[in-house]
Amino acid sequence: MGSKRDTPVNVLSQWLRKRSMKVKIFLGTLLAFCALVVLKFTIKDSDFFFKASETIHIVGLIVLIYKLFAHKTCSGLSLKSQELTALFLTTRLGCSIYMESNIHTVLDMIFLLSTLLVIWLIRFKLKSSYMKEFDNMWLSFLVVPSTILAILIHPYTNHIWIARVLWAFSVYLEAVSILPQLRYMQKAKIVETFTGYYVFALGVSRFFALAYWIIHTYDTRGKYLYLIGHGYFWMLAALITEMIQSFILADFCYYYIKSFMQGQLLRKMPV
């Protein structure tokens with residue numbers, strides 16, 4: 001009988017560890033491309049991607065809430081990231097009620113209520129375990145640029161100007177809302193297990209959202225972006241925003257998978 005170290009997961013992990021960073025990046029890109037191809041030919045309803053993205057994010061939040069109630073500690077968690085999340089969700093929910101009122105509105109409501117619960121737990125019930133010294137990113141550095149960009153570049157629809165600007169603001173702020181959490185983990189040097197689950201869920205969530213843009217742009221042969229030459233920058237800005245958010249989380253997801261395969265899930269994960 002083979003030893004536990006000879007399991008396929010450990011063999012694959014050891015093989016990957018010996019590869020250069022360029023090879024790892026190539027393999028990661030190839031894996032993402034294969035996943036996109038599979039999604040392209042198996043998913044016919046394009047709305048599935050947004051539903052999957054929001055659902056996975058909510059599942060990540062549920063795991064986080066379980067950790068807060070079960071372990072009675074909020075160590076490893078950034079309050080500022082949760083506050084930014086609540087801000088962009090409140091903005092997006094208001095716009096969604098006015099502009100759409102569909103299943104995404106319901107998912108955003110659940111998402112917002114879950115986030116507000118996390119904020120309440122950190123601020124009041126579990127305040128003694130909150131490590132404020134690691135959560136010191138200035139939110140104005142993220143909110144102000146998002147506001148300015150939303151005023152300059154926003155969708156052109158039949159809705160009132162302020163609604164269009166607020167929608168754009170929620171998109172831009174969502175892209176950078178995870179930065180305080182990542183900065184927190186970099187300062188603390190150790191990523192708490194359930195926080196790691198949550199951030200990884202965000203990474204998977206953003207992959208589905210980005211998959212929608214890539215597949216939809218391919219299916220329309222670039223028509224999604226053809227108005228750029230006529231001064232219409234919103235679609236390009238939204239796509240770039242999704243890409244930035246995905247790349248921000250990609251590095252964390254890489255180390256998450258690496259730690260998982262080594263059986264050292266986030267005890268002392270490099271960040």
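Q: Does lysine 72 count as buried or exposed?
A: In this predicted model, lysine 72 counts as exposed because its relative accessibility is 60%. The cut-offs are under 20% relative accessible area for buried and over 50% for exposed, with partly exposed in between (1.4 Å probe, protein chains only).

Q: Where does lysine 72 lie?
A: Lysine 72 belongs to the loop that connects helix 3 and helix 4. Helices here are DSSP runs of H or I with at least four residues, and strands are E runs with at least two, numbered from the N terminus.

Q: And what is the phi of that lysine?
A: The phi of lysine 72 is positive, about 55°, although the residue is not a glycine. Lysine 189, which follows helix 8, also has a positive phi, near 75°.

Q: Which residues of helix 8 are buried?
A: Helix 8 spans residues 179-188, and its buried residues are Pro180, Gln181, Leu182, Tyr184 and Met185.

Q: Now aspartate 135: buried or exposed?
A: Aspartate 135 counts as buried, because its relative accessibility is 2%. The residue sits in the loop between helix 5 and helix 6.

Q: What does aspartate 135 touch, neighbours within four places aside?
A: Aspartate 135 is in contact (heavy atoms within 4.5 Å) with Ser78, Leu79, Lys80, Tyr130, Pro180 and Tyr184.

Q: Which side chain makes a polar contact with the side chain of aspartate 135?
A: The partner is the side chain of tyrosine 130, at 2.6 Å. The side chain of aspartate 135 also reaches a backbone atom, the nitrogen of lysine 80, at 3.1 Å. A polar contact is a pair of N or O atoms within 3.5 Å; within protein, one must be able to donate a hydrogen and the other to accept it, and residues adjacent in sequence count only if both atoms are side-chain atoms.

Q: Where is histidine 154 found?
A: Histidine 154 is in the loop between helix 6 (140-152) and helix 7 (161-176). Its relative accessibility of 5% is why histidine 154 counts as buried.

Q: Which backbone oxygen lies 3.0 Å from a polar atom of the side chain of histidine 154?
A: That is the backbone oxygen of alanine 150. The backbone oxygen of isoleucine 151 is reached by the side chain of histidine 154 at 3.2 Å. Not counting residues up to four places away in sequence, histidine 154 touches Trp161, Arg164, Val165, Ala168 and Trp234.

Q: Let us turn to helix packing. How do the axes of helix 4 and helix 5 cross?
A: The axes of helix 4 (residues 79-99) and helix 5 (residues 103-125) come within 9 Å and cross at roughly 150°. Helix 4 and helix 5 are therefore roughly antiparallel. Axes are lines fitted to C-alpha atoms, for helices over the stretch in contact, with angles from 0 to 180 degrees between N-to-C directions. Angles under 35 degrees count as roughly parallel, over 145 as roughly antiparallel, 65 to 115 as roughly perpendicular and the rest as oblique.

Q: Which residues in helix 4 and helix 5 meet?
A: Among those in helix 4 are Leu79, Ala86, Leu89 and Leu93, while the helix 5 side includes Met109, Leu112, Leu116 and Ile119.

Q: And helix 3 with helix 5: at what angle do the axes cross?
A: The angle is roughly 20°, and the axes of helix 3 (residues 47-71) and helix 5 come within 10 Å. That makes helix 3 roughly parallel to helix 5.

Q: Within what distance do the axes of helix 4 and helix 7 come?
A: They come within 9 Å, crossing at roughly 145°. In helix 4, the residues meeting helix 7 include Phe88, Cys95 and Met99; in helix 7, Leu166, Trp167 and Phe169 are among the partners.

Q: How many helices and strands does the chain have?
A: The protein chain has ten helices and zero strands. Of its 271 residues, 42% count as buried. Among contacts with a separation of 6 or more, residues 24 or more positions apart account for 77%.

Q: What is the average pLDDT of the chain?
A: The average is 80, and 78% of the residues score at least 70; pLDDT is the predictor's confidence in each residue, from 0 to 100. Helix 6 has the highest mean pLDDT among the elements (94), and helix 1 (residues 8-17) the lowest (63). Over residues 266-270 pLDDT stays under 50, and the model has 16 contacts beyond four places in sequence for them.

Q: Which conventions apply to the values?
A: Local features need pLDDT of at least 70 and side-chain atom pairs count only at pLDDT 80 or more, while totals for chains, interfaces and linings use all residues. Residues are numbered from 1 along each chain as its sequence is written, and side-chain values use heavy atoms, leaving out hydrogens and water.
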